[in-house]
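Let's take a walk through a protein together. Have a look at the sequence and the model first, and then we'll go through some of the details.

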Amino acid sequence: MKYEAKAWQEAEGASLRNFNEQAQIDSVNGALALRPQIEKIIDKIWEDGFDGIYFVGIGGTYASSMQVEVYMRGRSKLPVYVENAAEFLTTGNKRFTDRSVVIYSSVSGTTKEMIRLVDKVHEIGGRVFAFIDTPGTPLTQPDKQDYLITYKQNEQLKFYMTANYLMYKNGEFDDYDAYNKEMEQHLALALAQVEKDSDEWAYEYAKRKVAFLNEHRDLPHYFIGSGNQYGATYSYAMCYWEEQMWIRTKSISCQEFFHGMQEIVVADTPITLFMGEDEQRPLAERVAKFLPKVNANYTIIDTKEHELAGISEKYRGTISHLVMHGVNNRVDAYMELFLRHPLSIRRYYNQMEY
């Protein structure tokens, strides 16, 4: 135990903890290289026809589904929907037919709700396009999907690549080739630089947050965001701070902030606002203008502050959720350090039947 404690102490300091730059770059570039496979699958789906595209998930994958749906909602006339797997299993959706297509992602390949979901979809006669991180798992079996890509991590990027090609096929993305050329040349390096540039700030942020937490154990931390950042706030609050760090949190959208949460904000309420660069940025700007009037314990993380070398201004909003994810990766590394709690440990998840 003494050796373990010493190891934690020596890790203190902003030193890009848990960051492998080359692995990060290779991971993003590997995901971008999936584009021909994605295009081939979408070409087949398009050729066969469909009456709806349903991005379906549970937990963090539901958050990613919300992000891609809101991304397409203001850009495309395609019938694109988002569903929570557990709700779909209980409530169903009368619009879903044997001509509908489900697109989903799973890290483990073992999620119970998703296994039941794909079985139900196939009972109806719909098709399933799956992104699975882990090969050789139940969800990679031939009867569980019609189209499969197996590749680790980068879930949000894979979803957006799929969305971009769907919109291109529908005549709604004239910049498709130029956009992909830019991303394939610059995105991986730009996101790695985000993590390096955020490291010292993330160390201080995490240090302050854990110190405040130790004095206010029962006070929840609030995460606020909109557009493609709302999926980020929802996932970050639930899957990271609650599930992994065991910290009470609440996520709320910027558009709903002024219809409830506004009234419970006082001087020391802990708040973090995620500001992206998509069309819903003005909603976050409104919250950012209000907070200093009533609160002295807020933090604003604004993706606009990052250079993103090689990425055109008009494309920045399409990747601002990836930028936020990079910043949060750095926060996670130091929250783990100051909490003295490995983020891989769970109290209940997969520890018992429920």
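Start with the lining of the second largest pocket: by class, four of its residues are nonpolar, two are polar and eight are charged. Here Ala, Val, Leu, Ile, Met, Phe, Trp, Tyr, Cys and Pro count as nonpolar, Asp, Glu, Lys and Arg as charged, and the others, Gly among them, as polar. The pocket's volume is about 270 Å³. Among its 14 lining residues, Tyr71, Arg75, Lys314, Tyr315 and Thr318 are the closest to the centre. A pocket, by the way, is an open set of points on a 1 Å grid over the protein atoms alone, where a 1.4 Å probe fits and protein lies on both sides within 12 Å along at least five of seven lines; lining residues have an atom within 4 Å of a point. Grid points are joined across faces, edges and corners, and the volume is the space filled by probe spheres set on them.

Before we go on, keep in mind that this is a predicted model, in which local features need pLDDT of at least 70 and side-chain atom pairs count only at pLDDT 80 or more, while totals for chains, interfaces and linings use all residues. Residues are numbered from 1 along each chain as its sequence is written, and side-chain values use heavy atoms, with hydrogens and water left out.

Now for the strands. Helices (H or I, at least four residues) and strands (E, at least two) are DSSP runs, numbered from the N terminus. Two strands pair if DSSP finds at least two bridges between them. Strand E1 (residues 52-57) runs parallel to strand E2 (residues 80-84), and five bridges join them. One place to look is Tyr54, whose bridge partner in E2 is Tyr81. To get from E1 to E2, the chain goes through helix H4 (residues 60-73), making a right-handed β-α-β crossover. Right-handed means that, with the strands pointing away from you, the path from the first strand over the helix to the second runs clockwise.

Further along, find strand E8 (residues 271-275). Is E8 mostly covered or open? It is mostly covered, with five of its five residues buried. Buried means under 20% relative accessible area, exposed over 50%, and partly exposed in between (1.4 Å probe, protein chains only). Ile271, Leu273 and Met275 point one way from E8, while Thr272 and Phe274 point the other way. E8 pairs in the parallel sense with strand E6 (residues 221-225) over three bridges, and Tyr222 stands opposite Ile271. E8 also pairs with strand E9 (residues 298-302), again parallel, over five bridges. There, Phe274 stands opposite Ile301. The chain crosses from E8 to E9 through helix H11 (residues 281-294), and this β-α-β crossover is right-handed.

Last stop: backbone angles. Most residues other than glycine have a negative phi. Leu16, though, has a positive phi near 50 degrees. Leu16 sits in the loop between helix H1 (2-10) and H2.
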